Amino acid sequence: MARMDYDLTILGGGSGGLTAARVAASLGARTLVIDKERLGGDCLYTGCVPSKSLIHAARMAHQAKTASHVGVSSIDINIDMGQIATYIQGVIAHVHAAEHVYTDDVTVKFGTVTFLSPTTLLLNDEKISSKATIIATGSHPAHPKIEGLEDIAYLTNESVFELTQLPSSLLIIGGGPIGVEVGQALTRLGVQVTIVQGPERILPKEEPDVSAAISAVLQSEGVKLITQARVLKIEQKEEQKEGKKYVTVKQGEQLLSLEADAIFVAAGRLPNVEGLQLDAANVDYNEQGIKVDDYLRTSTPNILALGDVIGGYLFTHVAAYQGSIAVRNALLPFAKKKVDYRVLPWCTFTDPEAARIGLTYAEAQQRYQKVRVITFPWSDIDRAQAEDAPIGFIKLILAGKKDEIVGAHIVGAQAGELLGEVAVAMQHHLTIADLVNVIHPYPTLHTGLQQAFFEAYLSSSAARSNRSLVSTVLRFRR
């Protein structure tokens, strides 16, 4: 048998692909990473990194504008979007420079790649053979079919973070995480923002009370929310290609006429499968992405896929997790491992943040016979009061006689930072009785978790049993 050029070839240099490359190289595999033009992926250039940088700048502006009640005043707040754009690009460059470690001992090539067979790829004009291939080509913004949309210049996550001038008004199509994060940030920078959302609430994958809490904050800051609605038509005068857009929205049976200087489309994402010639490798796929099994294997066993290109959970940290699993299953198929999404955290980085891990209350009720909920107010956390950030709550979903945490939903300042502790507890099936005596430093936001655990314990069957035991002992002593 002819020797293959590589043990493993990875298509895509984003989070999942780079994680897979580093793991494969550490195991001694001859590894090739192929990307179109640069490493880092959407998260680095048009997703997580620039969006959080924009959010940070907007939060600083908001704090400066609203700090007078704590004794800090500013005469004038100047928003320099050009400088903010420079800051965002600087953060991207810094993060990119730190990612070189992922390609140590890895061959990296750039260009257009297609499959010729399950083991042969064509990169530009070069044929490459590989024992196994991992497809991690990511996704791109979906472009909804709206009359007139293709006739105007509009923003997506691929362009919004490059703005050097702010529009006076912005209409956002889509009320998911990207839409609400960008919407709040630009509102805080002085833009009049309207969000049009198809479902009955923004952030529809979150618990209803989480969506309600974030909606209330956005509206209090001036964001206009139009839910259960869809954009039918967008018009613009021909002589004003960069001018005002006139938008027709249908909400129920009512037609709304809106105006905006700019349109931002945040209506989901689609997998990057075009041009790969997957049929030549006998890889099955559809509009949602490449089909994989629980081991991330495609319909061709030596070809695996991960990240946004397979649909499902479109998160950078999920792609990185899948990267390690995919490498193991590609190089050691006799010891393959399934993916496990039981303990999956994610966070929407509004202010306050909306953080989640595990099941919703409705999902837990479908899986377990005994489910209860504990909700602890964020305003009862001393650190939150001290930092003037009292909005939010901690909601724990507990199941079974032992009160195992099967879900947690947190709204609050830096709420996402609390998910790590909950993730470890869930990963190891720890119960409220196990967690209640964990000592947390005071005053930190993590004491909110300690207090929530304590409230859950006081109303648990274990506490009732202890009360009964103590009562019996006390009666005997009397």
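# Charges and rings: a quick tour

Both Asp351 and Arg188 are buried, where buried means under 20% relative accessible area, exposed over 50% and partly exposed in between (1.4 Å probe, protein chains only). This is a predicted model, so local features need pLDDT of at least 70 and side-chain atom pairs count only at pLDDT 80 or more, while totals for chains, interfaces and linings use all residues. Residues are numbered from 1 along each chain as its sequence is written, and side-chain values use heavy atoms, with hydrogens and water left out.

**Salt bridges**

- Side chains of opposite charge can pair when their charged atoms come close.
- There are 17 salt bridges here, each being a side-chain nitrogen of Lys or Arg within 4 Å of a carboxyl oxygen of Asp or Glu.
- Asp351 pairs up with Arg188, with their closest N and O atoms 2.9 Å apart. That links Asp351, in the loop between strand 19 and strand 20 (353-358), to Arg188 in helix 5, 163 residues apart. Helices (H or I, at least four residues) and strands (E, at least two) are DSSP runs, numbered from the N terminus.
- Arg188 also has a salt bridge with Glu221, at 2.8 Å from N to O. Glu221 sits in the loop between helix 6 (208-220) and strand 10 (224-226), 33 residues from Arg188.
- Glu221 is partly exposed at 22% relative accessibility, whereas Arg188 is buried at 6%.
- Glu207 and Lys395 make another salt bridge, 2.9 Å from N to O. Both of these residues are buried. Through shared partners, salt bridges join Arg59, Arg188, Glu221 and Asp351 into one network.

**Aromatic rings**

- The structure has four aromatic pairs: rings of Phe, Tyr and Trp (its six-membered ring) pair if their centres lie within 6.5 Å, with planes under 30 degrees apart counted as stacked, over 60 as edge-to-face and the rest as tilted.
- One of these pairs is Tyr313 with Trp346, a tilted one at 6.3 Å centre to centre and 40 degrees between the planes. Tyr313 lies in the loop between strand 18 (303-305) and helix 7 (316-331) and Trp346 in strand 19 (residues 345-348), so the pair ties together parts that are 33 residues apart in sequence.
- Trp346 is buried at 11% relative accessible area, while Tyr313 is partly exposed at 35%.
- Tyr313, Phe315, Tyr321, Tyr341 and Trp346 make up one aromatic cluster.
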